[in-house]
Amino acid sequence: MKSLADMSLGELAAFVWTHLHRHGINCVLTGGACVSIYTTGCYQSYDLDFVERVPSSRKRIREALVELGFFEESRYFKHPETKFFLEFPAGPLSVGSEPVKATVTLEFPTGQPALLSPTDCVKDRLAAYYHWNDQQSLEQTLLVAQSNRIDIGEVRRWSDEEGKLTEFETIKQQLLARRNRP
Amino acid sequence: MLEALFGSVNRERVLLFLYVRKEGYSREISRFFRTDLSQIQKQLERLEVGGTLYSRTLGKTRVYGLNPRYPFRVQLEALLDRALAFYPAEERERLMMIRRRPRRKGKPL
């Protein structure tokens, strides 16, 4: 087993997820960490956001993570051996105002964590772009679309549900152009 | 009014204020309701951690609002809207009537 210091973001996420899962804490990796994994590091996040499917107590999470050497500082869990840190944003597991219907599982040497699918990851980033006009989130969206299979029809439907169809149509060509890039 | 549901009268005040005014800061909310600043700050922080509110800084002031990405935002707003209808007319008016148009610096009244 690698030391935490040598683990990539994906390996650490898998390691932590597996440990939490053993403790009966059922969570999904979301946010910028998914972008980092799906873009194989083109975008680098240091923040591993885990959202619980069913809420458990903060104490239970803390006790499980202390076993791995993490310590709690403010709302984050840090470890002396790694620059990555963990956060457990309040649920529910959602993209915009919709619940996440299905997650995907990726295989790492340290475990098989559940995380947002590439299409939901795109929706998650687009939500930030739509609501905050955050250009970095749009760039992350395009990076994920560039190297993953994205269901554009589903993203359009979701954008419509969010009341952001006009905004989707504005960025659709960029999304398609990136998606079609070899 | 929604205290039993929200668990605290100050939490209800914060949500109602931000629903009506769209954005606000802790001192503004505590002055409006003539309540303890630290209690309002505590509720703002808790609601932000829970994802119900967002915050941003405006100069040196931290401004809060209902988080547009909160999955229950539409339902929460419907609840607050319904609750607002039960508030006394003068309280509702006080909450809604706020000068939004610009005021030139140094203008006497």
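**Conventions.** I number residues from 1 along each chain as its sequence is written, with chains lettered from A and ligands numbered from 1 in the order in which they are written. Since the model is predicted, I kept local features at pLDDT of at least 70 and side-chain atom pairs at pLDDT 80 or more, while totals for chains, interfaces and linings use all residues.

**Chain A overall.** I looked up the secondary structure and found seven helices and nine strands in chain A, where helices (H or I, at least four residues) and strands (E, at least two) are DSSP runs numbered from the N terminus. The radius of gyration of chain A, taken over C-alpha atoms, is 17 Å, close to the 16 Å from the globule rule for 182 residues, so chain A is as compact as a globular protein of that length; the rule is 2.2 Å times the number of residues to the power 0.38. Along the principal axes, the C-alpha atoms of chain A fill a box of roughly 50 × 35 × 25 Å. I noted that 37% of the 182 residues of chain A count as buried, that is, with 20 or more other C-beta atoms within 10 Å of their own, whereas 12 or fewer means exposed and anything in between partly exposed, with C-beta atoms placed from the backbone.

**Pro113(A).** I found this residue in the loop between strand 8 (104–105) and strand 9 (114–115) of chain A. Pro113(A) counts as buried because 29 C-beta neighbours lie inside 10 Å. Leaving aside neighbours within four places in sequence, Pro113(A) is in contact (C-beta atoms, placed from the backbone, within 7 Å) with Ala13(A), Ala14(A), Trp17(A), Leu29(A) and Leu106(A). From C-alpha to C-alpha, Pro113(A) and Gln135(A) are 29 Å apart in space and 22 residues apart in sequence.

**Between the chains.** I looked up the contacts across the two chains and found nine residues of chain A touching eight residues of chain B. On the chain A side, four are nonpolar, four polar and one charged, where Ala, Val, Leu, Ile, Met, Phe, Trp, Tyr, Cys and Pro count as nonpolar, Asp, Glu, Lys and Arg as charged, and the others, Gly among them, as polar.

**The sheet of chain B.** I traced an open, antiparallel sheet of three strands in the order 1-3-2, pairing being counted if DSSP finds at least two bridges between two strands. Strand 1 (23–25) and strand 2 (53–58) of chain B stand at the edges with a single partner strand each, so one side of each is left without a neighbour in the sheet. Three bridges join strand 1 of chain B to strand 3 (residues 61–66), and Gly24(B) stands opposite Tyr64(B) in strand 3.
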